[in-house]
Amino acid sequence: MTLSDTTDDILRALGRPGAAYFTTLACLLAVLALGIFGFAYQVRFGLGVAGYQPPILWAVYITNFVFWIGITHSGTLISAVLFLFRARWRTGVARASEAMTVFAIMTGALFPIIHLGRPWLFYWLLPFPNERHLWVNFRSPIIWDLFAILTYLTVSIIFLYVGLLPDLATARDKIRDWRRPIYRFLSLGWSGSERQWWHYNSLYGLLAALAVPLAISVHSIVSWDFATTLIPGWHSTIFAPYFVAGAIFSGVAMMITLLIPMRSLLGLESYIRVHHFENLGKLLVVMSLVMSYSYGMEFFVAWYSGNLFEQATYWARVTGQYAPLTWTMLACNTLVPLILISKRIRTHFGALFSVAILVNVGMWLERYVIVVSSLAHDFNPANWTSTLYQPTWVEAAITAGSFALFFLLFLLFVKLFPPIAMNEIKERIEVT
Amino acid sequence: MSKTTLLGVYRSGTQAAAAITAVREKQLGVADAYSPTADAAILGARPRSASAVRLFTLLGGIVGGVIGVAFPAYTMTTWPLIVGGKPPLSFPPLVIIGFELMMLGAALSGFIGFLVMSRLPRLQGGSPIDRRFTDDMFGVLVTCEIEKRAEVLVCLEQSGTSEVIDGG
């Protein structure tokens, strides 16, 4: 393989899309439109259409928020951590994972706004001078969330963009259609000079180093939305590491879910290879074991604490009305990934894809169980509603719309921008 | 004394690095390299001080961290409303906001530093010196005095150049 082959192969992926691409795009747009309709309906008729009932006043939207923020972590893990450890296999998948991070943050960040009773006043979350001298409450984890997510989004966009810069210049110099002015503008006049590469290397390493603690802080802060309350099932000191581990786990699963169709859709089989998936499969097994330990510790802490409310909440979780969801979640997250211990299964795309989908389902359910079942079993037995909370069609539509938005953004990205870091692949090619 | 430029085009970074080293050792002029990738041989061909991007990042982080602590502390003291029994000026939120803004400041400042140090953006006159240098070729652009042109040409050719373009 030559340097020129790499350029041609990867830029070929940006060629005219086929019918499958447009069909997928149309389906995603239709689902997104449904989600927008659901949100418009909620704005018109109020948050009551979301099916909230005391004491369950946080439900699907917060579940989605935590889920999507969790998905962001694989980008940082795969791209930044593996970069810092000089793991060569990252090059095939780093770009896609960085893009996934950005789009997952964008999608996740919508949910606190959707969850607001009056979403048009979301800007009240921002600390700005006003005539009544009111400031936001910096002691509230909701404000911590705002700062954490905006910071993470900004840093992730910079990380993605800096990595893209040399490849945008290549696209500018090779592609001769309507996209060229876009590449010219976005590549900022990059010429590949020694000076530029010197500072590029320095910045990319620094951003990778910044992104790792930032990612850990973001999901820790998301976990503190729960842990700083006194609700049994939420008020736990292990929540931060537990959420971070879950985030990495779900992020890797989503990465596999996206990469398997992407490589065949864009003809990138030579660059995203079996060993990439094998490594991701191994990562999934390791994180599944960490999650199994975390689940065990959750229940152990509840039992060992001697706190009756904690014990009752966890007992209700595995035997009460949410038990089917709890057991499904446990099976998806702790048992199913173990089949990837077998190399034969780990390297079989169909099996790996199925496991990744089940982990995605399991991780969404995990967030749902944490959010809803804890609220459904708080300190007041009168609140232990016998009526099972059911998400409404509005919540389902908005949730489906969020998935459509995420996949749509990803699909557009991989057709507009080089989906693999060409310059990093070229770095590994020996020129004779 | 009038100057001229010569551009050597190479197939590999190692050849380009050899040309840079030769021009530098013989003090024939200033050689700039262009490459489609961060080539280790080229970047190691001459001694360099650490990138100033690191300094930008450090300063941005310090400024962001200070703002992240000072601003919430200011708002807490100007609006000392007790919420949930917590003291108006409590330490943990300051750490969290301070940390986040430190990261934000560091990343933004590092990016700005990168643009400044790399002399970007060049939206108007910034077209690449040769389109091949973002694809599969490596270039060494030597700026030298006209009298040394022949010597530079020898250096470029001895390093295995596949083409030399006279910039005049």
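This is a predicted model: local features need pLDDT of at least 70, side-chain atom pairs count only at pLDDT 80 or more; totals for chains, interfaces and linings use all residues.
Trainee: Is chain B a compact globule or more spread out?
Mentor: Look at the box first. The C-alpha atoms fill roughly 80 × 30 × 30 Å along the principal axes. The radius of gyration of chain B is 25 Å, while the globule rule gives 15 Å for 168 residues. The value is well over the rule, so chain B is more spread out than a compact globule.

Trainee: What share of the contacts in chain B with a separation of 6 or more comes from residues 24 or more positions apart?
Mentor: Take burial alongside it. Buried residues make up 46% of the 168 residues in chain B. For residues 24 or more positions apart, the share of those contacts is 80%.

Trainee: Which residue of β4(B) is the bridge partner of Gly8(B)?
Mentor: Strand β1 (residues 3-10) of chain B runs antiparallel to β3 (residues 138-145), with eight bridges. There, Gly8(B) partners Val140(B). β1(B) also runs antiparallel to β4 (residues 163-166) of chain B, with four bridges. In β4(B), the partner of Gly8(B) is Val164(B).

Trainee: Which element gives the most to the side of chain A that touches chain B?
Mentor: The contact takes 50 residues from chain A and 52 from chain B. On the chain A side, the elements giving two or more residues are α1, α6, α8 and α16. With 16 residues, the one that gives the most is α8(A).

Trainee: Why does Leu28(A) count as buried?
Mentor: Leu28(A) sits in helix α2 (residues 19-45) of chain A. Leaving out residues up to four places away in sequence, Leu28(A) touches Ala404(A), Phe407(A), Leu408(A) and Leu411(A). The cut-off for buried is 20 or more other C-beta atoms within 10 Å. Leu28(A) counts as buried because its number is 21.

Trainee: How far apart in space are Leu28(A) and Leu409(A)?
Mentor: In sequence, 381 residues separate them. In space, C-alpha to C-alpha, the distance is 9.8 Å.

Trainee: What span should helix α10 of chain A have?
Mentor: The helix holds 32 residues, 274-305. Count 1.5 Å a residue, using one less than the number of residues.

Trainee: Against which elements do the buried residues of α10(A) pack?
Mentor: Buried residues of α10(A) include Phe277(A), Leu280(A), Leu284(A) and Met291(A). Their partners lie in chain A. They are α9, α11, α12, α13 and α14.

Trainee: Which residue does Pro121(B) follow through a cis peptide bond?
Mentor: Pro121(B) lies in the loop between α4 (91-117) and β3 of chain B. Omega of the bond is near -5 degrees.

Trainee: Is Arg86(A) buried or exposed?
Mentor: Arg86(A) lies in the loop between α4 (73-84) and α5 (94-114) of chain A. Its phi is positive, about 55 degrees, although it is not a glycine. With 7 other C-beta atoms within 10 Å, against a limit of 12 or fewer, Arg86(A) is exposed.

Trainee: What is phi of Gln27(B)?
Mentor: Gln27(B) lies in the loop between α1 (13-25) and β2 (29-34) of chain B. With 8 C-beta neighbours inside 10 Å, Gln27(B) counts as exposed. Its phi is positive, in a residue other than glycine, and is near 50 degrees.

Conventions:
Residues are numbered from 1 along each chain as its sequence is written. Chains are lettered from A and ligands numbered from 1 in the order in which they are written. Two strands pair if DSSP finds at least two bridges between them. Two residues are in contact if their C-beta atoms, placed from the backbone, lie within 7 Å. The radius of gyration is taken over C-alpha atoms; the globule rule is 2.2 Å times the number of residues to the power 0.38.
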